[in-house]
Amino acid sequence: MTDVLLVSSSLENINVAWRHFCYSEYNASATTNINAAMENLKSSKPARIVVYYCGEDTEGFYPLYNTLRSDPVTAEVPLLVLADVSWQKTLTEYVKFYNTCVLGITVNDEKLKDMVKGGARHGFEKKSAALNRTAPKRPSEHPGLRGHKGR
């Protein structure tokens, strides 16, 4: 079973995404609160991957991402973002995130299952001798997040 933490800024978004994570192959929990998410990830049995459901706005995503990556304990936790069509292109093409994969919210269940399991096992960063990327120490070191003031 894959331990998944589902996070979103709204309960409605979590209810939409939950349909996939109620299957027996996941040990899933959910929250709309960044502090609760961080507590889960620092617990004795933390989630192996965070899935953020980003609906029509990204209001909660950037604070979660910055908090996740700025804490040494959670900096390497893989993050899978299920993005609304209006955000998918922006989050994949214009902003570079560390150990993060962005999929559309209409992704089919089989592909989502593969991405969650693969991300939980290996993360989303390419592992090679030529590319040895580590998590930035401060959110300001993320090139796509410099000067971000939201939308």
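Eleven residues line the largest pocket of this predicted model, and those nearest its centre are Leu 91, Thr 92, Phe 97, Thr 100 and Cys 101. The space inside this pocket comes to about 180 Å³. Two elements, α4 (85–94) and β5 (100–104), each supply at least two residues of the lining. The most comes from β5, which gives three residues. By class, the lining of the largest pocket holds six nonpolar, three charged and two polar residues.

Five strands form an open sheet with parallel pairing, in the order β2-β1-β3-β4-β5. Its edge strands, each pairing on one side only, are β2 (26–31) and β5. From one strand to the next, the twist averages 25 degrees. Four bridges join β1 (residues 2–7) to β3 in the parallel sense, and Leu 6 stands opposite Val 51 in β3.

Helices pack on this sheet. Helix α1 (residues 11–21) touches β1, β2 and β3, and its direction makes about 175 degrees with that of β2. Helix α5 (residues 109–122) lies across β1, β2, β3, β4 (79–83) and β5, at about 140 degrees to β3.

Is Ala 47 buried or exposed? Its relative accessibility is 10%, and the cut-off for buried is under 20%, so Ala 47 counts as buried. Beyond its neighbours within four places in sequence, Ala 47 is in contact with Asp 3, Val 4, Leu 5, Asn 40 and Leu 41. Ala 47 also lies 9.9 Å from Pro 78, C-alpha to C-alpha, with the two 31 residues apart in sequence.

How values were computed:
Residues are numbered from 1 along each chain as its sequence is written. This is a predicted model: local features need pLDDT of at least 70, side-chain atom pairs count only at pLDDT 80 or more; totals for chains, interfaces and linings use all residues. Side-chain values use heavy atoms; hydrogens and water are left out. On a 1 Å grid over the protein atoms alone, a cavity is a set of points where a 1.4 Å probe fits but cannot get out, and a pocket is an open set with protein on both sides within 12 Å along at least five of seven lines; lining residues have an atom within 4 Å of a point. Grid points are joined across faces, edges and corners, and a volume is the space filled by probe spheres set on the points. Ala, Val, Leu, Ile, Met, Phe, Trp, Tyr, Cys and Pro count as nonpolar, Asp, Glu, Lys and Arg as charged, and the others, Gly among them, as polar. Buried means under 20% relative accessible area, exposed over 50%, partly exposed in between (1.4 Å probe, protein chains only). Contact means heavy atoms within 4.5 Å. Two strands pair if DSSP finds at least two bridges between them. Axes are lines fitted to C-alpha atoms, for helices over the stretch in contact, and angles run from 0 to 180 degrees between N-to-C directions.
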